Amino acid sequence: MASELSSPAAPPRATPVRGGEPQVIHPPKRRLRGWLYVLPALAVYLGFAIWPAINTVRLSLLSWDGILPATFVGIENYIKIFRDSALFEAILHSLVLIVFFSFIPIAAGLLMTALLMGKVRKGMTFFRVVFFLPQVLPLVAVGITWRWLYSDTGVINQILDVVGLGSFGRAWLGDYQLALTALGLIGTWSMSGLCMMLFLTGAQKIDPSLYEAAKLDGANTFRQFLHVTLPGVRKEITVAGVITTIAALASFDLVFVTTNGGPAGQTNVPGLLVYRLAFNEGDIGGASALAVVLTVIVMTVVGGIRYFTRDRD
Amino acid sequence: MHMTTPPRRHALVALGVTAALALTACAGTGGTSAPAPVKQADVSTTIPSDPVTLTLAYSNDPPTQLLIDGFKKKHPNVTVKPQMTPFNDYIKSIKLAMSGDAAPDIAQYNPGAMNTLVPAGLILDLNPWAKAYGWTGKFPPSTLEILSSDKTAKQFGTGGLYAVPGGLSVVGVYYNKTMVKEAPKSLPEFEAALQKVKDSGGNPLSLGALQVGGFHLWNALLNVTGDVADYRGWVYGKPGSTIETDAARKATETLTNWAKKGYFPEGASATADPDALANFAKGRSAFLVTGNWGATALEKDLGKDVGFFLMPTPSGEPAKVASGASVAYAISAKSKHPNVAAAFLDYLSSPEAAKIEFDGGFMPVDTKAEVGGEGLRGEIATVFGPVAQANGIVPFPDYASPGMIDKLTPGIQALIGGKMTTDAFLKSLQESWDGHHGK
């Protein structure tokens, strides 16, 4: 490895390969043409992803209300937000949400994959549509619907009443202890289908002969799942983990429409605090600083996931 | 491993681009320079007769479009082009729109979200026109106070006038006449009525504490528990003001007490204002505290079974104070026709406009105008008139500082849930106030 890294990369050889035409070094012109193809996508990416990101970092060092001339204040915005205990609570809440947005959906997705793989021949499309539906619906509509389901006279309490558990009924999203869990379960509902779709797709790539071999070796269904399916969808699990974790840490829309951080801040998440700083308080600098901190947290956690699930081969 | 070099080179290119972007970025965000103020001599109440086109940016409709139509009838040579934006997007984009070169001539004004336009010099001080037209006699004075502020836009009720209202609102108590025979005359009577509903197994009061309903109730109680001047001074940002007063303590304790006694539904903290309104409209509760904006919907569902009264005073004297807000309009400092725009604002206080405002679901600016209101909205107009004429409209508490709403809503939820003491709640509000206005 080390010698390979230090040695300069082999230049493309101009010698005939396999006796065919001589392979030539691409002249600079052709290189430029290559960039031309990339340009439209690159421009959009730079303009709408990279540029705003850099701008946010810059704004986080300013004191700016959005209108009056901005003044440079260095890291003052960062000091201010770290002094506020609300931030730590919000981060803690979003870490709890990872359990509901990421862990449980991945487990549920794997379970559904195990149940559906190789057994359901007809109606697979039906299952896919049903489980993937939450991903297609806008989260704002989902949020309002769940707010009604969870209300004190909502469907969930009605069901509890019917099965004789009426005494457990409550206004779930208004409950001090259970609001965050109730909110998290909406995430579970929304993310499980996505995970299942990813895993099913991954599992279909697995060579059927592996299952046959496992069967011949006397492996039961559970063993087959553990030793064939699971390793086969490892990459998909990583992808699902990354997507759902980002959804949990950067959650905003769902929380905004269901609880708006309530009751009394029990479901505050960092995204909500960013919104409030920017649009309620007009503190663009503080909001940007918080957004930068949130980005760092997301990148750290995602980096961690990628590191621990990396290919060791 | 021979693939290592190209990605590295790409990374270098990317880094270069990034650096270039970062450097050019410093050129942006320079802020906005204020345009030169209108010369006082230019102020006139007569408008030219040649064609003039104005643009008007707004989010509340009704009444805006109808008012535009009404103005057109009076001044056929003036065309007002409406630009409607839904409220949430309006609040985010209007500041940028007003600082741009193609700023609208007239913009719906929100003192909380848009007050940075004042120090930036982007909206006109309307005092010269107020003098020329005599607006202090035409608009209820208390409604102009929250639209006036000093140059830094931190203290209201003083300095320049930056907008005038084109429709007023008022918060009070709705009651279901099939459950409550008669509107209570005093606060103890009101509490007795709540208890009676509770005892009969019903829901006393619908409350949307997820959004603004919770602190609107608190505000309504505060209006009758203490001196209104203290509260007004606090919202206006008068130096040295505090909300940690006996009156505020009393109002807060009343609200906590009601929660303890079970007068609010269990899920109040997770109930949005429209849902609270819908519950009351379906007859699921006896009372609802909200503004006149709910009247049209309630009348449709409940017909003659719904009534309205202002939060009653402890002694039973008629209430002289109520919380309210307005749909207000400001004039851009970049407008080429400020006199024509001012004529539109003046039209808002006319009896013709009063009818339009009332029919659009608002209380009229001209409180003495004959609007021919019947039923529920007529009932509201009847109790609103004397309060407005006696200078009794007070602003909502979320105007006191930009972050106040994020203390009020969670604070009320914590009070209802029994997780916060009265003093801690008032202290959290005062901290937000001190942070904005300084001690």
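Student: Which element gives the largest share of the lining of the largest cavity?

Tutor: In this predicted model, local features need pLDDT of at least 70, side-chain atom pairs count only at pLDDT 80 or more, and totals for chains, interfaces and linings use all residues. Residues are numbered from 1 along each chain as its sequence is written, chains are lettered from A and ligands numbered from 1 in the order in which they are written, and side-chain values use heavy atoms, without hydrogens or water. The lining of the largest cavity includes B:Leu222, B:Asn223, B:Asp230, B:Tyr231 and B:Thr242, and the elements that give two or more residues to it are helix H9 (213–225) and helix H10 (228–236) of chain B. The largest share, 3 residues, comes from H10(B).

Student: What is the volume of the largest cavity?

Tutor: A cavity is a set of points on a 1 Å grid over the protein atoms alone where a 1.4 Å probe fits but cannot get out, and lining residues have an atom within 4 Å of a point. Grid points are joined across faces, edges and corners, and a volume is the space filled by probe spheres set on the points. The structure holds 4 cavities of 30 Å³ or more, and the largest has a volume of about 100 Å³.

Student: Is A:Ala264, with its positive phi, buried or exposed?

Tutor: Most residues other than glycine have a negative phi. A:Ala264 is not a glycine, yet its phi is about 50°. Its place is in the loop between helix H12 (253–258) and helix H13 (270–280) of chain A, helices being DSSP runs of H or I with at least four residues and strands runs of E with at least two, numbered from the N terminus. Because buried means under 20% relative accessible area, exposed over 50% and partly exposed in between (1.4 Å probe, protein chains only), A:Ala264, at 18%, is buried.

Student: What is the relative accessible area of B:Asn391?

Tutor: B:Asn391 also has a positive phi, near 60°. B:Asn391 is found in the loop between helix H16 (375–389) and strand S11 (393–394) of chain B. The residue is partly exposed, and its relative accessible area is 28%.

Student: How far apart are the end C-alpha atoms over residues 284–308 of chain A?

Tutor: UniProt, in an unreviewed entry, places a "transmembrane region" at several stretches of chain A, including 284–308; such annotations may be inferred rather than shown by experiment. Over residues 284–308 the chain is 100% helix and 0% strand, and the end C-alpha atoms are 36 Å apart.

Definitions and conventions
1 Å grid on protein atoms, 1.4 Å probe; cavity = no way out; pocket = protein on both sides within 12 Å on 5 of 7 lines; lining within 4 Å.
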